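Please look over the chain shown below before reading on. The briefing that follows goes through its fold, its helices, its core, its salt bridges and some loop residues.

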Amino acid sequence: QIKSLCGIAEDATSAHFCHLTSVDAILLAFDFRVNASLRVINALHNKLTDEGAKKLVQVGESKPNQIKSLCGIAVDATSAAFSSRGLTSVDAILLAFDLRVNASLTSLDLRYNRIDDEGAEH
């Protein structure tokens with residue numbers, strides 16, 4: 001039985017991705033479904049489109065007791081610093097998910113990024 005399409009270890013609780021595309025988001029969605037240990041991934045600052053980011057959020061929302069972050073934020077973190085990271089509106093989709101599911105997060109530094117008005121609405 002296949003346990004991962006993205007090379008994530010079966011017992012991994014977190015993963016960080018570089019050069020992730022929207023097609024990769026579909027593969028990652030599979031990994032979320034079969035790996036009950038996976039809680040946190042960092043999909044920020046990748047090559048995702050709105051569609052790919054929304055696919056990850058959709059999977060996250062379907063597993064509310066499992067997936068705690070799509071941005072690499074620790075489950076019990078009260079703050080996260082993303083200043084000057086080149087984040088875009090696509091990243092804002094992922095950040096909005098984290099804000100909804102992480103009740104302990106009270107401070108988020110997003111200064112000096114490339115999140116436009118559309119991204120700020122997420």
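How much of the chain do buried residues make up? Buried residues make up 43% of its 122 residues, where buried means under 20% relative accessible area, exposed means over 50%, and partly exposed lies in between (1.4 Å probe, protein chains only). This is a predicted model, in which local features need pLDDT of at least 70 and side-chain atom pairs count only at pLDDT 80 or more, while totals for chains, interfaces and linings use all residues. Residues are numbered from 1 along each chain as its sequence is written, and side-chain values use heavy atoms, with hydrogens and water left out.

**Overall fold**

- The chain has four helices and four strands, which are DSSP runs numbered from the N terminus (helices: H or I, at least four residues; strands: E, at least two).
- Along the sequence these elements follow the pattern β-α-β-α-β-α-β-α.
- The radius of gyration of the chain is 14 Å, close to the 14 Å that the globule rule gives for 122 residues, so the chain is as compact as a globular protein of that length. The radius is taken over C-alpha atoms, and the globule rule is 2.2 Å times the number of residues to the power 0.38.
- Taken along the principal axes, the box filled by the C-alpha atoms is roughly 45 × 30 × 20 Å.
- Of the contacts between residues at least 6 apart in sequence, 81% join residues at least 24 apart; a contact means heavy atoms within 4.5 Å.

**Helix α1**

- Helix α1 covers residues 22-34, 13 residues in total, and reaches 19 Å from its first C-alpha to its last, close to the 18 Å expected at 1.5 Å a residue. The expected span is 1.5 Å times one less than the number of residues.
- Its buried residues are Ser22, Ala25, Leu28, Ala29, Asp31 and Phe32. Seen down the helix axis, the buried residues of α1 fall within an arc of 160°, so they line one face of the helix; the arc is that of the directions from the axis to the C-beta atoms.
- An α-helix has 3.6 residues a turn, so residues three or four places apart point the same way.
- The exposed residues Val23 and Ile26 sit on the face of α1 turned away from its buried side.
- The cover over the buried residues of α1 includes β2 (40-42) and α2 (50-62).

**Helix α3**

- Helix α3 (residues 89-101) also has a span of 19 Å for 13 residues, close to the expected 18 Å.
- This helix is mostly covered, with ten of its 13 residues buried. Among them are Val90, Ile93, Leu94 and Phe97.

**Nonpolar core**

- The largest nonpolar core has 32 residues, and those with the most contacts inside it are Ile41, Leu70 and Leu94. Such a core is a set of buried Ala, Val, Leu, Ile, Met, Phe, Trp, Tyr and Cys residues joined through side-chain atoms within 4.5 Å.
- Helices α1, α2 and α3 each supply at least two residues of this core, and α3 gives the most, with five residues.
- Not counting residues up to four places away in sequence, isoleucine 41 touches Ala15, Phe17, Leu28, Phe32, Ser69, Leu70, Cys71 and Gly72.

**Salt bridges**

- The count comes to three salt bridges, each being a side-chain nitrogen of Lys or Arg within 4 Å of a carboxyl oxygen of Asp or Glu.
- Glutamate 61 and arginine 100 meet at 3.1 Å, N to O. This pair links distant parts of the chain, with glutamate 61 in helix α2 and arginine 100 in helix α3, 39 residues apart. Glutamate 61 is partly exposed at 46% relative accessibility.
- Lysine 3 is bridged to glutamate 10, with the closest N and O atoms 3.9 Å apart. Lysine 3 is partly exposed at 35%, whereas glutamate 10 is exposed at 52%.
- Aspartate 109 and arginine 111 meet at 2.7 Å, N to O, and arginine 111 is partly exposed at 48%.

**Loop residues**

- Histidine 45 lies in the loop between β2 and α2, and its phi is near 55°, a positive value in a residue other than glycine. Histidine 45 is partly exposed, at 47% relative accessibility.
- Serine 84, in the loop between β3 (79-81) and α3, has a positive phi near 55°.
- Asparagine 102 is in the loop between α3 and β4 (107-109) and is buried, with a relative accessible area of 6%. Leaving aside neighbours within four places in sequence, asparagine 102 is in contact with Ile73, Ala74, Val75 and Ala77.
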